[in-house]
Amino acid sequence: MKKNIITAILGTTLLLGSCTKDFGEINKNPNVPEDYLTYALFNGNNQALMYNLRGYDNMGKQSLTWMQYASQPIYTKESRYLLDPDGGSTIYYQMYGRGIGYKEIINLNTNPETKDLVSVYGKNNNQIAAARIMLAYVFSLGVQAFGDIPYYSYGDQDNPKFQALQTDKYVTPVFAPQKDVYLDILKELEAATAQIENDTYVFSSGDVIFGTPTNLKKFANSLRLRIANHLKGATDAVLGAPLAEKVRTIITYYKQGHDDELLDANFKSAELISENNYTYPAPMYYDYFVGNRVDYLPSSNFIKLLSGTNKKANTRGLNFGVDPRMEKYFAPKGTDKWTINSGYTIDESADIDTLAYVGMPYGMQEGSEAANQYKAGEEVSLFSQEVLKATAPIVLMDYSEVYFILSEIRDWDNDMYKKAVEASFDRWGVSSTRKAGYTIADISSLTEEAKKERVLTQKYISLYMNPDEAWAEYRRTGYPKTLINVGERVRANLPASNPSYYVFLKDPSATDVTGIPERINYPNTYKGLNLNYIEALKNMEASGDSRGKRLIFATRP
């Protein structure tokens, strides 16, 4: 029976929120029934996934604030780890809503009745591989956020642990253990990469992330490396022998070289470019200019790290100097959002004026404390024009991150470390003038611990606007050490105001955590629909649905 893919596209986007696209109006090939527009299904699901993950309801209220890239100016509860029963709804729904779409692409390219029809949009194997790789990506985000999850595997569909996305067989799928999910994701990425055939494109149109089979391979290999790096600190007893061996094999392989197989200067970033309009812009543009909400701002703690005035960083010997990315990350204080929208000019003939960049203090109590520092936005910096522009790229993974990983697995290699920072400068468009005035200090002569801290702190800086990965890295490594901790006394921006200092305190609801959450609790909306989460929590040895339960990759001391 034919399946109406246009209906599938619309059906799976109806629940995406106001910042997602309506793909009902798309270019149509009159020679192919519109039932089988796999390129539209691929593009539609990619856009819906990334738009929702990087909007305020997911990133803005959770990882972007938890990692202290951003602060909330008025309503600060999420910054203070508010326990939101449905805080994970966005990522949970996207994992399965998008999964259905990617699985449908596989179905259309394997079904004898449709595979020849859809091959006009790209080789069947390449379309299948692209869908498998995006399934691996979205499930990797889910398992590192929740822990055990319902999971689907194309290559191991009969595994009784992998019941997700098979509603004809399983209405309430079981939750697969983390180690089984990770092992299969690594297998899927490897198999999908091997499946890719040479061609000039993956999809003939509509694929705005990868373009070519070579780029798709580079992303898949880089994602395998990221996941293996996440897991490499866990013991064999925790991972199980098959996963532990798979992780060691991947790490050893890339420790020895093979850099050309990964994201690099030839394919710098797997990213989604938004449109320059009010209808389909980047998520943060939508929040600021269409939704007219200024619910999160650059944090004071992060701005001070880049300006060289972060007290914790300086005490730890981490003064990197004035980072030229300041001008790319933040707008000068007093620059209103409409000026940012219109565009402003930076005078690069002068040194960076660090006093022009003032962040919102992180995690203040709601009410007069926060309001006195915010001053209706007049006393703090907003995000830069690069961050807030309608066409801001939504990055899945870039080559700066890859180089940081390569530095780490190659014993904190100095050359790779420098390449990683330079790649981040490149990603943000730092000018040659600013680069010439900044020195990336050599780390070769430092102690092992000092090398580690420098590399991982710079990695944190470079993961700005990819905060879900920064959150995963913090849980894995414990870096950066520059974050404000619960109970800490912090200096406010405006000492003349009352108070000049404040204490960072948790929200009263946050009884399940002592600091940054280790995981996201399963959303209440879905708990009532699938009681198998109870068994999953037992399997994880969690005390209830606690956000304080460490996941298997979180191996920091």
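Helix H7 spans residues 124-146, helices being DSSP runs of H or I with at least four residues, numbered from the N terminus. In this predicted model, the 23 residues of H7 reach 33 Å from the first C-alpha to the last, close to the 33 Å expected at 1.5 Å a residue; the expected span is 1.5 Å times one less than the number of residues. Of the 23 residues in H7, 22 are buried (under 20% relative accessible area, with exposed meaning over 50% and partly exposed in between; 1.4 Å probe, protein chains only). Gly147 follows the helix and has a positive phi, near 100 degrees. Local features were considered at pLDDT of at least 70 and side-chain atom pairs at pLDDT 80 or more, while totals for chains, interfaces and linings use all residues. Residues are numbered from 1 along each chain as its sequence is written, and side-chain values use heavy atoms, with hydrogens and water left out.

The largest nonpolar core contains 168 residues, a core being a set of buried Ala, Val, Leu, Ile, Met, Phe, Trp, Tyr and Cys residues joined through side-chain atoms within 4.5 Å. H7 gives the most to this core, contributing 15 residues. At least three core residues come from each of domain 1 (38-262) and domain 2 (283-515). Phe139, Phe302, Phe383 and Tyr464 have the most contacts inside the core. In soluble globular proteins, nonpolar side chains tend to be buried together.

The division of the protein into domain 1 (38-262) and domain 2 (283-515) follows bounds from an automatic or database domain assignment. The C-alpha centres of domain 1 and domain 2 lie 27 Å apart. Their contact (heavy atoms within 4.5 Å) takes 47 residues from domain 1 and 65 residues from domain 2. About 5,100 Å² is buried between the domains, with carbon and sulfur atoms giving 60%; buried area is the accessible area (1.4 Å probe) that two parts lose on being put together, summed over both. On the side of domain 1, Gln68, Tyr69 and Arg80 lose the most area to domain 2, together 18% of what that side buries.

There are 6 salt bridges between domain 1 and domain 2, a salt bridge being a side-chain nitrogen of Lys or Arg within 4 Å of a carboxyl oxygen of Asp or Glu. By this rule, the count comes to 30 salt bridges.

Asp236 and Arg248 are joined by a salt bridge of 2.9 Å, N to O. This pair links helix H10 (residues 236-239), which holds Asp236, to helix H11 (residues 241-255), which holds Arg248, across 12 residues. Asp236 is partly exposed at 37% relative accessibility, and Arg248 is partly exposed at 38%. Arg248 also meets Glu245 in a salt bridge of 3.5 Å. Arg248 and Glu245 are separated by about one helical turn because they are 3 residues apart in H11. Glu245 is partly exposed, with a relative accessible area of 42%.

A salt bridge of 3.7 Å, N to O, connects Glu386 with Lys328. Glu386 lies in helix H18 (residues 385-388) and Lys328 in helix H15 (residues 326-329), so this pair ties together parts that are 58 residues apart in sequence. Glu386 is buried at 17% relative accessible area, and Lys328 is buried at 15%. Salt bridges with shared partners join Lys232, Glu408, Lys459, Glu473 and Arg476 into one network.

Definitions and conventions: Helices (H or I, at least four residues) and strands (E, at least two) are DSSP runs, numbered from the N terminus.
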